[in-house]
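Okay, thanks for coming, everyone. Let me put the model up and talk you through it.

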Amino acid sequence: MDTKTIFLPALAMAVLTCVVWLRLFYVRIGQMKRDRIHPQSVATSAQAVAKLTESRAADNFRNLFELPVLFYLALVVAALNGLADTATLTLAWLFVALRIAHSAIQCGYNKVMHRFYAYAAGGLALWLLWARIGVGLLT
């Protein structure tokens, strides 16, 4: 397998993060215009929480810097150690697909249990990815 192939899921995650970032700006600027919120009045996170009621995209954007950090590292470790095989790539794409589902749910209709299932399944895919890499590193 071409080593570059293992980084395609990382590219997809970067695209997802960019899409959520753009959604965040669209929602935030829209609410600030609609509710006539002066930018300086939301200068701190405490002020923003008090005035900006639409937080789904912001919450999801922050979430894209939690578990995905371990995902990005896993791909680098896999690539550097010759562990970028079909199984690793499959787990990586599964994680990406579940993160897309999680983001779509959270930024969309935001049903908590649906979001939880996508999050938990994505976490499981990530831990399986790390288990696969761990076995490869230890054998």
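So, charges: the protein carries 13 positive and 6 negative side chains, and the centres of the two sets sit 9 Å apart. Lys and Arg count as positive, Asp and Glu as negative, with His and the chain ends left out; each charge is placed at NZ of Lys, CZ of Arg, CG of Asp or CD of Glu.

Quick caveats: this is a predicted model, local features need pLDDT of at least 70, side-chain atom pairs count only at pLDDT 80 or more, and totals for chains, interfaces and linings use all residues. Numbering runs from 1 along each chain as its sequence is written, and side-chain values use heavy atoms, without hydrogens or water.

The C-alpha trace spans about 60 × 30 × 20 Å along its principal axes.

What's inside? The largest nonpolar core has 30 residues, and Met13, Phe71, Leu129 and Ile133 have the most contacts within it. By core I mean buried Ala, Val, Leu, Ile, Met, Phe, Trp, Tyr and Cys joined through side-chain atoms within 4.5 Å; buried is under 20% relative accessible area, with a 1.4 Å probe and protein chains only. Helices H1, H3, H4, H5 and H6 each give two or more residues to this core.

Take Phe71: leaving out residues up to four places away in sequence, its contacts (heavy atoms within 4.5 Å) include Met13, Phe95 and Leu129. Apart from that core there's another, of five residues, among them Met32 and Leu52.

Conventions: Buried means under 20% relative accessible area, exposed over 50%, partly exposed in between (1.4 Å probe, protein chains only). Helices (H or I, at least four residues) and strands (E, at least two) are DSSP runs, numbered from the N terminus.
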